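Please examine the structure shown below. The paragraphs that follow lead through a few of its parts in turn.

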Amino acid sequence: MADPFLQVDNLSVHFALKRKGMFGAKSVLKAVDDVSFSVGRGETLAIVGESGSGKTTAALAVAQLVNAAAGSVKLDGEDVLGVQGDALRAMRERVQFIFQDPYSSLNPRRRAEDLVREPLDSLTDNTKAEKQQIVDELFAAVGLRKEQQRLFPHQFSGGQRQRIGIARALATRPEVIICDEPVSALDVAVQAQILNLLRRLQTEFGLTFLFISHDLGVVQHVSDRIAVMYMGRVVELADRLSLFNSPRHPYTKALLSAVPAVSRKDRAARQRILIPGDPPDPVNLPAGCRFASRCPHVMPICKEQEPMMQNVGTSHLTACHLTEQEEAAV
Amino acid sequence: MDPLLKIENLRIELQTRAGVAPVIDDLSFELAAGEAISFVGESGCGKSMTALSIMGLLPEGIGRVASGSIQFAGEELTTASRPRLRDLRGNDISMIFQEPMTSLNPVYTVGEQIAEVLRAHQGLSRRAAWNMAIELLDAVRIPNAKSRVSSYPFQMSGGQRQRVMIAMALACKPKILIADEPTTALDVTVQAQIFDLLRDLRRDTGTAIILITHDMGAVAEMADRVIVMYAGRKAEIGPVEQIIEHPRHPYTKGLISCVPHIHTPLTEEREELTEIPGIVPSLNDFGADSCLFASRCAWRTSDCTKARPKPVSFEGGQIADCWHAEAI
Amino acid sequence: MTMNNDPVNTPTEAPVEQARSPFAEAWSMFLRNHAAVAALGVLFLIVLGAIIGPYLYPIDPFEMVWAPFSPPGEEGFLLGTDYLGRDLLAMIINGARVSLLIGLAAAVVSVVIGVTVGALAGFYRGWVEEVLMRITEFFQVLPTLLFSMVIVALFGASLTMITFAIGIVSWTAVARITRSEFLRIRELEYVTASRAAGASPMNLMFGVILPNAMPPIIVQSALMVGSAILFEAGLSFLGLTDPNVVSWGQIIGSNRQYILDAGYTVTIPGLAIFVTVLAISLVGDGLNDALNPKLRQR
């Protein structure tokens with residue numbers, strides 16, 4: 001990996017829940033709990049996980065769209081978590097966000113050109129003519145026509161709307177773009193258009209991507225390294241080939257085995273690992289490993305002590321007592 | 001022997017502001033008892049409309065069967081009376097939907113809702129229906145069914161709610177189960193559980209399954225045969241393995257290669273994703289006598305815009321509606 | 001197989017639609033509600049009459065022009081005269097100005113207060129919301145008529161004070177609607193998207209959320225004009241009115257003793273109030289159709 005450009009350390013996000021009854025204790029949902037990862041310049045790190053894993057919340061916290069309870073986010077060595085005012089604006093200029101749902105993430109009352117220009121209005125001092133020129137360039141870059149600038153979001157198809165979302169994220173020439181499930185709301189035939197576009201733009205603009213997705217097929221296609229999250233924790237972090245070809249954490253293995261395979265060869269090569277049941281209640285997490293209740297290899301220690309992330313190879317980290325013992329045995 | 005379900009030259013018209021549009025145009029297929037067939041295509045291709053027409057649940061005043069026939073075990077459904085259809089719906093054909101949250105009534109326990117179906121369709125007593133509900137929850141692998149039967153829908157996870165829906169659909173031992181995107185709202189690990197469950201239920205009860213999906217992976221996992229739909233028309237039909245191996249319609253080809261797949265083992269190389277450029281034609285263009293996919297197709301020639309392609313048959317029962325099917 | 005992988009040149013994007021503004025779209029929806037269109041026509045005539053009427057019919061509404069209680073149509077007075085022998089038509093025309101003005105101004109007062117309170121409460125949540133909503137509830141449980149009577153009695157029965165009194169007792173509904181819309185919209189993804197684009201809180205509140213919250217607020221304010229006119233009529237009927245101007249409610253109030261002898265002196269202004277308020281309600285209903293996005297797709 002190149003030098004870490006975006007470095008996230010011990011990030012935690014807590015949500016206070018309504019107390020039960022008038023005198024009940026206020027409970028806290030630890031949506032993201034002590035999460036660390038880093039992304040090199042020009043690299044794509046994917047965070048993958050199922051609903052409730054905290055992947056989107058982690059992304060929002062990095063972009064300062066929800067408040068983090070603890071941790072640090074360093075951009076090129078400079079801590080940007082919790083900055084305010086001008087520093088926050090400067091940070092937003094460098095870190096932009098692409099949202100999951102192109103239907104709800106565009107203000108229905110603004111025209112396409114206004115939507116793309118909004119970050120420029122809020123974050124830069126460009127003149128009107130300069131802004132117009134940037135908007136024109138961005139429309140061309142994402143494959144929209146100039147005469148579509150005057151249209152409103154509902155006059156576009158899903159794929160085109162996502163192009164508007166991408167153009168908008170590119171407006172301030174950011175260095176980091178956080179993509180939160182950018183294709184999961186789109187029809188399959190359109191997904192490829194957007195994925196190819198993102199890849200082209202990454203090279204063209206030298207972008208660093210933090211890519212959030214639940215779709216392992218997509219993740220495999222776009223990422224250089226992958227972090228797997230479960231119940232607010234990163235359980236495995238490895239480069240692409242290492243993660244897909246030799247996953248170490250039982251959850252990652254189960255996740256990989258659950259993806260439907262199209263070709264008969266891949267289906268035959270796959271080992272089905274069923275994980276029964278549902279994840280535990282995120283508000284009352286059990287002691288020990290959060291995956292213990294569904295893990296096929298559960299051991300007594302798993303229900304007592306939470307496993308720590310540790311190296312299991314070059315740039316391959318996992319948090320599991322089983323792999324810990326396997327490594328120790330080697 | 002007669003097939004369980006036989007659909008011939010079905011045409012369904014939808015009333016829109018601009019006029020009448022054929023959302024299903026000349027669709028024919030047969031479903032044998034115990035078979036699993038899958039409809040695949042993008043949103044708006046008519047795959048859900050087919051399911052609704054089989055159930056006799058087309059939106060009233062907006063959609064209607066214009067011509068063609070739907071025969072269930074030899075009985076014509078397009079002309080069947082409402083009470084007869086209602087009877088069939090609970091007992092012989094049932095359906096599960098994409099969103100298990102909104103398909104369950106939030107003010108009743110899941111047990112009450114399953115028991116209600118049993119009492120209405122099978123005339124069971126209150127007591128017997130309740131016990132049967134517990135059995136069914138157990139059959140769809142809800143742990144601790146005896147106590148979960150008194151849970152309200154909001155107390156269950158998405159996967160469990162979908163299991164409840166399946167239990168309810170199976171309550172009267174239907175001959176056909178229509179599953180409309182049953183796992184789209186669920187996580188992959190839960191999806192795998194639901195697929196396992198459906199496969200086992202099919203094996204144990206001999207229920208035929210019609211799976212409606214947009215995911216070729218799901219088709220490959222679940223179905224024997226597949227019907228690829230595009231803009232209300234059948235693009236291709238045939239055995240799943242054969243079609244995935246060698247699609248004869250450019251749209252099928254596109255659907256398979258437009259999403260990235262995980263190969264074992266994964267290599268440094270990343271497959272090129274095929275883009276299907278443009279978007280689905282608008283409803284107003286659905287009736288046209290030309291290939292509706294032509295505008296997005298890389299194989300387009302002047303033939304394609306002149307007339308609607310004729311079905312071309314291949315061995316093994318694969319049929320593709322494309323002027324260039326032989327060449328692809 | 002060579003697929004065209006350059007999205008810029010995708011050959012068959014849908015043709016560019018005409019860029020219709022939301023206003024044009026709302027107007028076309030409004031036109032489909034025939035009752036509302038008719039009511040808008042009636043309302044237009046009433047407003048036109050109020051504006052240019054006094055020039056076309058320049059008779060002083062306070063001057064005694066003929067014997068009292070001349071029935072409509074007699075002696076050349078289209079609507080007759082009241083108990084002091086004043087021309088009823090002149091009074092109705094001049095009264096329209098006052099009634100409509102009070103209705104509009106009071107609605108503006110309550111919308112300004114209501115939107116500000118509701119927006120702040122819905123946007124900031126927390127203690128701001130707690131405090132503002134308690135205040136709103138306080139105003140909501142006050143007996144409105146009594147409270148406004150107290151204000152007018154204490155500070156004098158001038159037009160401004162009456163308008164203010166009506167405004168101050170009727171803003172709570174707007175505040176509640178605004179707050180609930182803000183609570184809903186602030187959670188939508190495009191608001192988060194605007195935050196990611198660097199929008200300031202002010203910009204978020206009034207540039208992003210408020211425009212999307214406007215439809216129900218507009219409908220409510222239209223209805224408020226009607227209820228303010230009714231409220232003013234009620235106050236005038238009770239004698240709490242500016243003696244230097246004539247309003248519809250005041251005409252009814254001052255003639256109420258003679259309702260059995262000269263019913264028309266009460267019926268005619270009553271009818272004017274009825275028609276105006278009904279027209280406003282129907283227009284409000286039309287606005288609801290026009291601005292409700294759920295009805296759009298039909």
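Does Ala231(B) count as buried or exposed, and how many C-beta neighbours does Ala231(B) have inside 10 Å? In this predicted model, Ala231(B) has 24 C-beta neighbours inside 10 Å and therefore counts as buried, the cut-off for that class being 20 or more. The residue sits in the loop that joins strand E9 (225-230) to strand E10 (233-239) of chain B. Its backbone deserves attention as well: Ala231(B) is not a glycine, yet its phi is positive, at about 50°.

Arg141(B) belongs to the loop between helix H4 (126-139) and helix H5 (145-148) of chain B. Because 18 C-beta neighbours lie inside 10 Å of it, Arg141(B) counts as partly exposed.

The next subject is a helix of chain A. Helix H9 (residues 250-258) of chain A is mostly covered, with seven of its nine residues buried. These buried residues are Pro250(A), Tyr251(A), Thr252(A), Ala254(A), Leu255(A), Leu256(A) and Ala258(A). Within chain A they pack against helix H7 (216-222), strand E9 (225-230), strand E10 (233-239), helix H8 (240-245) and helix H11 (321-329). The buried residues of H9(A) also pack against helix H7 (188-205) of chain B.

That last partner leads to the contact between the two chains. Chain A contributes 37 residues and chain B contributes 39 residues. On the side of chain A that touches chain B, two or more residues each come from helix H6 (188-205), H7, H8, H9 and helix H10 (264-269) of chain A. H6(A) gives the most to this side, with seven residues. By class, the residues on the side of chain A that touches chain B divide into 18 nonpolar, 13 polar and six charged.

Two packed helices are described by the angle between their axes and the distance between the axes. Helix H3 (residues 88-124) and helix H11 (residues 264-291) of chain C pack at an angle of about 25°, and their axes are 11 Å apart. H3(C) is therefore roughly parallel to H11(C), since angles under 35 degrees fall in that class. The crossing of H3(C) and H11(C) is right-handed. From H3(C), Leu88(C), Ile92(C) and Gly95(C) meet Thr265(C), Ile268(C), Pro269(C) and Ala272(C) of H11(C). The residues of this contact comprise five nonpolar, two polar and no charged.

Technical notes. Residues are numbered from 1 along each chain as its sequence is written. Chains are lettered from A and ligands numbered from 1 in the order in which they are written. This is a predicted model: local features need pLDDT of at least 70, side-chain atom pairs count only at pLDDT 80 or more; totals for chains, interfaces and linings use all residues. Axes are lines fitted to C-alpha atoms, for helices over the stretch in contact, and angles run from 0 to 180 degrees between N-to-C directions. Helices (H or I, at least four residues) and strands (E, at least two) are DSSP runs, numbered from the N terminus. Angles under 35 degrees count as roughly parallel, over 145 as roughly antiparallel, 65 to 115 as roughly perpendicular and the rest as oblique. A crossing is left-handed if the near helix is turned anticlockwise from the far one by less than a right angle, and right-handed if clockwise. Two residues are in contact if their C-beta atoms, placed from the backbone, lie within 7 Å. Ala, Val, Leu, Ile, Met, Phe, Trp, Tyr, Cys and Pro count as nonpolar, Asp, Glu, Lys and Arg as charged, and the others, Gly among them, as polar. A residue is buried if 20 or more other C-beta atoms lie within 10 Å of its own, exposed if 12 or fewer, and partly exposed in between; C-beta atoms are placed from the backbone.
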